[in-house]
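Reader: I am new to this structure. Please show me how to read its features.

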Amino acid sequence: MKTSVCIIGGGPSGLMLSQLLHLKGIQNIVLERQSREYVLGRIRAGVLEHGFAELMREAQCGERMDREGEIHDGFLIAHDGKLDRVDLHKYSGGSSVMVYGQTELTRDLYEARDRMKGAVIHNAEDVQPHDLSSAKPYVTYRSGDDIVRIDCDFVIGADGFHGVSRKSIPKDKITEYEKVYPFGWLGVLSRTKPVSPELIYAKHERGFALCSMRSQVLSRYYIQVPLTDTVEDWPDDAFWAELKRRLPADIAAKLITGPSIEKSIAPLRSFVAEPMRHGNLFLAGDAAHIVPPTGARGLNSAASDIYYLYHALLAHYQQGDRTGLDNYSAKALARVWKAQRFSWWMTTMLHTFPDAIGYDQKLQQTDLEYLFSSEKAMGSLAENYVGLPF
Ligand code: APR
Ligand code: PHB
């Protein structure tokens, strides 16, 4: 097979790029290791920044998001017995975020790819990029007993944190920066009305908690747990009881509980690989960087990569201009690191660290007091939460 751009990974990053390129007549093939059902079964975060929502519209995939997604102009932070509001609209100069599940967004992208008869190959085993430093790279994969070869101009590594793309870059050509946090998030999805119309991030000495939602009838809640905990340690009743303990009493009293329809634990990690390019391989999204979920930057960090990569490929194919491709890594990383800083800061300010000394706890309190007493500090939070410009 032959194509212009071979995209490894059919998550939101790969599908979005595939869709945008296809709309401009640039041939591409997506290779996904899993089945579609598996990809659509994963529950991920649900807050989209303005720029990502715009990209969905540009990709002609924004219709259901605009119909069913909720615009949020602010969120709440519970701390020290208080419930303070962050007015995103006011402090970001009129911007907001869209609450729309990543699973739904991925479904919309798959449906758009089907509509346009885009090439998305599922269950592609042993995907392997080759000759990345040459002008004629290719990718192979196994389908049953057959090895299939795809010749292309560029390979896009959009295959997530555990993918093959980043690992195919020689060790001496890539630097990895990583920070692992000493806790995870236990998440529960339940068919109940959300406890609050806006998200609540709760700092509590027993550990962080988050009240989020997917719609007015579907809630998503999280609590901070030790890394040694398993889902089996947390029957539904224990989860709800612990969540209530970490919320302000009046909120806890209003919480509607119900059976969990999904329950999982995710460790918190910050990670960046530099550079995001090796020859004709370009990394995008989780393949190159991940953030802890506090502040919902994961998907939004991927969005700017896709935006830069899409425009760079467009300039190459339409005008023969390679500057965008040459500048891709530096440009993408500049924004990636800002999202890293913001996620690290939100995580550090709101979680209970098992080894924290009194000094650290005082700084956490001061961070929050400063935030809610300074319009400039609020402005900084708001502009990062709604998303820095691409
Ligand atoms: N070959 C082919 N596909 C692969 C391979 C491989 N060797 N390894 C992984 N994949 C696929 C995974 O099955 C997955 O569907 O690549 C896809 C990567 O998708 P994501 O992990 O969702 O990463 P990305 O598309 O960059 O999405 C950005 O933002 O909110 C965060 O982590 C969240 O997924 C989200 C991310
Ligand atoms: C979610 O709804 O899953 C969610 C929302 C906000 C976050 C993290 C996760 O900061």
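Reader: What separates Phe342 and Trp345 in helix α10?

Author: About one helical turn, because Phe342 and Trp345 are 3 residues apart in α10 (residues 323-350). Helices are DSSP runs of H or I, at least four residues, and strands are runs of E, at least two, numbered from the N terminus. This is a predicted model: local features need pLDDT of at least 70, side-chain atom pairs count only at pLDDT 80 or more, and totals for chains, interfaces and linings use all residues. Residues are numbered from 1 along each chain as its sequence is written, and side-chain values use heavy atoms, with hydrogens and water left out.

Reader: How is the pair of Phe342 and Trp345 described, stacked or tilted?

Author: A pair of aromatic rings is described by the distance of the centres and the angle of the planes. Rings of Phe, Tyr and Trp (its six-membered ring) pair if their centres lie within 6.5 Å; planes under 30 degrees apart are stacked, over 60 edge-to-face, the rest tilted. Phe342 and Trp345 are tilted, 6.0 Å centre to centre with 35 degrees between the planes.

Reader: Is Phe342 buried or exposed?

Author: Buried means under 20% relative accessible area, exposed over 50%, partly exposed in between (1.4 Å probe, protein chains only). Phe342 has 1%, so Phe342 is buried. Trp345, at 15%, is buried too.

Reader: Which pair links distant parts of the chain?

Author: Phe154 in strand β12 (residues 154-157) and Phe282 in strand β19 (residues 281-283), 128 residues apart. Their rings are edge-to-face, 6.0 Å centre to centre, with 70 degrees between the planes. Phe154 and Phe282 are buried.

Reader: How many aromatic pairs does a search of the whole structure find?

Author: The search finds 18.

Notes
Chains lettered and ligands numbered in written order.
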